[in-house]
Amino acid sequence: MSGAGDTVALIVSELITNSVAASRALEGGPYPVRLWLLSDMSDILIMVCDASPEQPGRLNPADDAEGGRGLMLVEAVSKRWGWYPLPSGKFVWALCEAPS
């Protein structure tokens, strides 16, 4: 599984960063951010949960912008990604191949 380390680290970093930012924007915090890593030795599923009900969305940053490309990176290096709402926030997930 170590061969997927860079890809998994990038996805985890982007999803956690987005979740922390979304949670900080909420009043009444602090709110927890949770991370799950699951694997069936074929794929690795990365799931992040936060308290924000806001849908994650890809931005179209200007060429000289320092941020706004996180979900574009997740999309580029994962097999697929998505999200679903929860009664108290949302899950954002990404699936990537485990090394063979």
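Predicted model: local features only at pLDDT ≥ 70, side-chain atom pairs only at ≥ 80, totals over all residues.
Which residues does Ser-23 touch, not counting those up to four places away in sequence? Tyr-31, Pro-32, Val-33, Asp-50 and Ala-51.

Ser-23 belongs to helix α1. Its relative accessibility is 6%, and because buried means under 20%, Ser-23 counts as buried. Helix α1 itself covers residues 5-24 and lies across β1, β2 and β4. Relative to β2, the helix runs at about 10°.

Now the sheet. There are four strands in an open sheet, ordered β1-β2-β4-β3, and the pairing is antiparallel. The edge positions go to β1, residues 34-39, and β3, residues 80-86. Each of these has a single partner strand, so one side of each has no neighbour in the sheet. From one strand to the next, the twist averages 15°.

Next, a residue in β4. Strand β4 runs over residues 89-97, and Lys-90 is in it. Is Lys-90 buried or exposed? Lys-90 is buried, because its relative accessible area is 4% and the cut-off is under 20%.

What does the side chain of Lys-90 make a polar contact with? The partner is the side chain of Asp-50, at 2.9 Å. The Lys-90 side chain also reaches the backbone oxygen of Ser-52, at 3.2 Å. Asp-50 is also among the residues that Ser-23 touches.

Setting aside neighbours within four places in sequence, the contacts of Lys-90 include Ala-22, Val-48, Cys-49 and Asp-50. Ser-52, Glu-54 and Pro-56 are also in contact with Lys-90, as are Trp-83, Tyr-84 and Pro-85.

The last item is Gly-70, which sits in helix α2, residues 70-77. Gly-70 has a relative accessible area of 13%, so with the cut-off at under 20% it is buried. Along the chain, Gly-70 and Ile-11 are 59 residues apart, while their C-alpha atoms are separated by 8.5 Å.

To recap the side-chain part: Lys-90 has a polar contact with Asp-50, and its side chain reaches the backbone oxygen of Ser-52. That is what I have for today.

Note on methods. Residues numbered from 1 in each chain as written. Heavy atoms only, no water. Helix = DSSP H or I, 4+ residues; strand = E, 2+ residues; numbered from the N terminus. Buried < 20%, exposed > 50% of the residue type's maximum accessible area, 1.4 Å probe, protein only. Polar contact = N/O pair within 3.5 Å; in protein donor to acceptor, adjacent residues only side chain to side chain. Contact = heavy atoms within 4.5 Å. Pairing = 2+ DSSP bridges. Axes fitted to C-alpha atoms, helices over the stretch in contact; angles between N-to-C directions.
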